[in-house]
Amino acid sequence: MKDEKYAMMREFSRVDAHIPIEVRLVPSEERQNIRSKISGETILAEFPTLTDLEDKLLSDWLKMLNAKLDSIINMLTFQREGFCSLPFKKVNISGGGLNFSSSERYNLGDVLEIKMMLPMIPPVALYIYGEVVKIEKQINSFNIAVKYIAMDEDIRDEIVKFVFKRQREMLREKRSKK
């Protein structure tokens with residue numbers, strides 16, 4: 001049974017990364033309403049996508065302008081929601097969970113809200129939720145492992161894309177050192 005649980009937790013590739021992240025304990029009264037989300041997703045969903053025009057040049061120009069406006073809206077949303085001021089932390093991240101060091105002690109089964117920014121192009125700002133599945137006491141901190149909960153596959157896919165991007169970067173660095 002333990003081997004089966006370990007295999008399930010290792011279903012996804014994992015990488016170490018330094019990313020902007022903030023963690024908050026979710027009070028029990030909030031737990032029934034949690035749902036992971038991509039920041040700004042609801043704002044951009046309100047606007048319909050552009051349809052192609054007969055004039056190809058004008059259509060391409062309008063799409064480029066629309067993409068720039070989407071980027072500006074995203075950056076303003078990130079700033080308003082505090083993503084631009086998140087502290088960087090070293091994490092071990094995968095499509096199934098996250099491992100990080102914390103000065104705060106959590107308990108097994110605690111639900112955490114994790115606000116983080118994945119350094120992609122464009123950046124991906126996420127609110128994700130995880131259940132504490134492992135705690136290891138360090139000298140002056142705790143190593144906390146969480147498995148994601150209340151997460152759609154679209155959000156998991158963004159995390160997996162980041163993991164693969166980070167793995168490619170690490171391989172390039174390794175090759176350039178040879």
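## A first look at this chain

Of the 178 residues in the protein chain, 35% count as buried (under 20% relative accessible area with a 1.4 Å probe, protein chains only; exposed is over 50%, and partly exposed lies in between). What you see is a predicted model, where local features need pLDDT of at least 70 and side-chain atom pairs count only at pLDDT 80 or more, while totals for chains, interfaces and linings use all residues. Residues are numbered from 1 along each chain as its sequence is written, and side-chain values use heavy atoms, with hydrogens and water left out.

**Overall layout**

- The protein chain has 4 helices and 7 strands; these are DSSP runs numbered from the N terminus, with helices (H or I) of at least four residues and strands (E) of at least two.
- Going along the sequence, the pattern reads α-β-β-α-α-β-β-β-β-β-α.
- Take the contacts (heavy atoms within 4.5 Å) with a separation of 6 or more: 72% of them are between residues 24 or more positions apart.
- The accessible surface is about 11,800 Å², and 55% of that belongs to carbon and sulfur atoms; the area comes from the Shrake-Rupley method with a 1.4 Å probe.

**The cores**

- The largest nonpolar core holds 29 residues, and I93, M116, L118 and I159 touch the most other members. A nonpolar core here is a set of buried Ala, Val, Leu, Ile, Met, Phe, Trp, Tyr and Cys residues joined through side-chain atoms within 4.5 Å.
- Among the elements that each give this core at least two residues are strand 3 (88–94), strand 5 (111–118) and helix 4 (153–177).
- Strand 1 makes the largest contribution to this core, with 5 residues.
- There's also a second, separate core of 5 residues, including F83, L86, M117 and A125.

**Helix 4**

**I38, over in strand 2**

- I38 sits in strand 2 (residues 37–38) and counts as buried because its relative accessibility is 18%.
- Beyond its neighbours within four places in sequence, I38 contacts V124, A125, L126, I155 and E158.
- I38 and I155 are 117 residues apart in sequence, yet their C-alpha atoms are 7.0 Å apart in space.
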